[in-house]
Amino acid sequence: MRVAFLGLGRIGIPMATHVARSEHELTVWNRSPGKAAELVSLGATEASSVADAVTGADLVVLMLFGPDAVREVLPEVISHAAGALVVDATTNGPAAAREFASSCREAGLRYVDAPVAGSIKPATDGTLGVFVGGSVEDYEQARPVLELWGDPDRVLRVGDVGSASALKLCVNQGLGVMAAGVGESLRLGRDLGLERELLLTVLSQTAYGWFLNQKLPMLQSDDYSGTTFSVDLMAKDLDLAVRAAGTDLEVTRAAYDQARRTLAAGHSGEDYAAIAGHIADEGEAGS
Ligand SMILES: NC(=O)c1ccc[n+]([C@@H]2O[C@H](COP(=O)([O-])OP(=O)(O)OC[C@H]3O[C@@H](n4cnc5c(N)ncnc54)[C@H](OP(=O)(O)O)[C@@H]3O)[C@@H](O)[C@H]2O)c1
């Protein structure tokens with residue numbers, strides 16, 4: 001297939017790299033140029049516009065920041081990729097996914113939402129979880145490409161367009177709440193006079209273990225620059241979750257507020273573990 005891959009961010013690059021190494025023909029585009037050198041060295045073509053990237057493509061992959069970015073890029077895709085299947089791997093939320101599917105359908109394109117679960121390491125290893133929302137036919141067409149970055153046993157069609165995005169929001173809502181919860185556990189311990197290191201060791205053996213086993217060095221050093229998933233993305237996803245729910249998700253809203261405060265405190269671009277660190281340190285002398 002001729003594949004156009006739009007969005008070479010932290011996770012887009014390792015995902016596109018699998019396509020570049022496959023038998024498919026790959027053209028890539030990113031809003032800011034200069035990210036495609038390694039992909040080009042693997043045989044990909046770098047396009048200087050969305051129109052150039054998608055013209056003649058059978059499959060157009062979107063891996064952008066969020067729904068606002070997709071809203072900016074999709075009209076050009078629709079204008080230049082007649083008949084193509086749009087595989088939107090961006091975490092957008094279900095309402096936006098249905099909106100994008102409808103815009104595509106009206107113009108004779110097809111659309112599946114195909115957000116991923118996992119981060120840079122599974123993306124590099126080709127073992128991401130992939131949730132797919134769309135028709136069985138479109139899922140079957142996309143599957144050979146999705147299995148390049150996804151674990152074949154975890155590339156799952158979960159329902160119609162929007163269902164995959166709904167599932168993905170539930171996953172990230174949990175992660176965001178967990179980051180905020182770890183931060184408050186650390187703050188509580190600090191207020192009760194406990195050492196941070198002891199707290200981290202013992203909390204790592206609790207239900208927070210999954211998170212802390214990945215983020216422990218960041219919380220020990222208070223250095224969140226080794227970003228895999230940014231605070232900015234987590235704030236976007238918590239906001240999407242709060243807006244998507246039909247009821248007031250008070251805990252999620254509190255986690256979203258904390259993510260925003262973490263951004264306002266200067267942690268934009270850093271890993272979302274900074275949410276835990278920021279909460280843990282808030283109120284401390286000098287913070
Ligand atoms: N990182 C992870 O671990 C992870 C895991 C699962 C899912 N996701 C989801 O995957 C998507 C990408 O994540 P990421 O970590 O790669 O994010 P990222 O590093 O922040 O990259 C965002 C990408 O979106 C592009 N972009 C942003 N605004 C745009 C706009 N208005 N028009 C066109 N392009 C725009 C950026 O282009 P520039 O380079 O020009 O800024 C960049 O290519 C997000 O939806 C995220 O929620 C990420």
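Biologist: Where does the ligand lie relative to the domains, and why there?
Modeller: Domain 1 (2–159) and domain 2 (167–281) both give residues to the shell around the ligand, so the ligand lies between them. Keep in mind that this is a predicted model.

Biologist: How many residues surround the ligand, and which are the closest?
Modeller: The ligand is surrounded by 28 residues, and the closest are N30, R31, S32, K35 and S119.

Biologist: What classes are in the shell around the ligand?
Modeller: The shell has 11 nonpolar residues, 10 polar ones and 7 charged ones.

Biologist: What about backbone atoms, say L64?
Modeller: A backbone N or O atom of L64 sits 3.0 Å from a ligand oxygen atom. For L8, a polar backbone atom is 3.4 Å from an oxygen atom of the ligand.

Biologist: How much of the ligand does the protein bury?
Modeller: The protein buries 90% of the 910 Å² that the ligand exposes when taken alone.

Biologist: Last one, on pockets. Which pocket is the space taken by the ligand?
Modeller: That space is the largest pocket.

Key
Residues are numbered from 1 along each chain as its sequence is written. This is a predicted model: local features need pLDDT of at least 70, side-chain atom pairs count only at pLDDT 80 or more; totals for chains, interfaces and linings use all residues. Side-chain values use heavy atoms; hydrogens and water are left out. A residue is near a molecule or strand if one of its heavy atoms lies within 4 Å of it. A polar contact is a pair of N or O atoms within 3.5 Å; within protein, one must be able to donate a hydrogen and the other to accept it, and residues adjacent in sequence count only if both atoms are side-chain atoms. Accessible areas come from the Shrake-Rupley method with a 1.4 Å probe; for residues, only the protein chains shown count as cover. On a 1 Å grid over the protein atoms alone, a cavity is a set of points where a 1.4 Å probe fits but cannot get out, and a pocket is an open set with protein on both sides within 12 Å along at least five of seven lines; lining residues have an atom within 4 Å of a point. A molecule sits in a cavity or pocket if more than half of its atoms lie within 2 Å of its grid points. Ala, Val, Leu, Ile, Met, Phe, Trp, Tyr, Cys and Pro count as nonpolar, Asp, Glu, Lys and Arg as charged, and the others, Gly among them, as polar. Domain bounds come from an automatic or database domain assignment.
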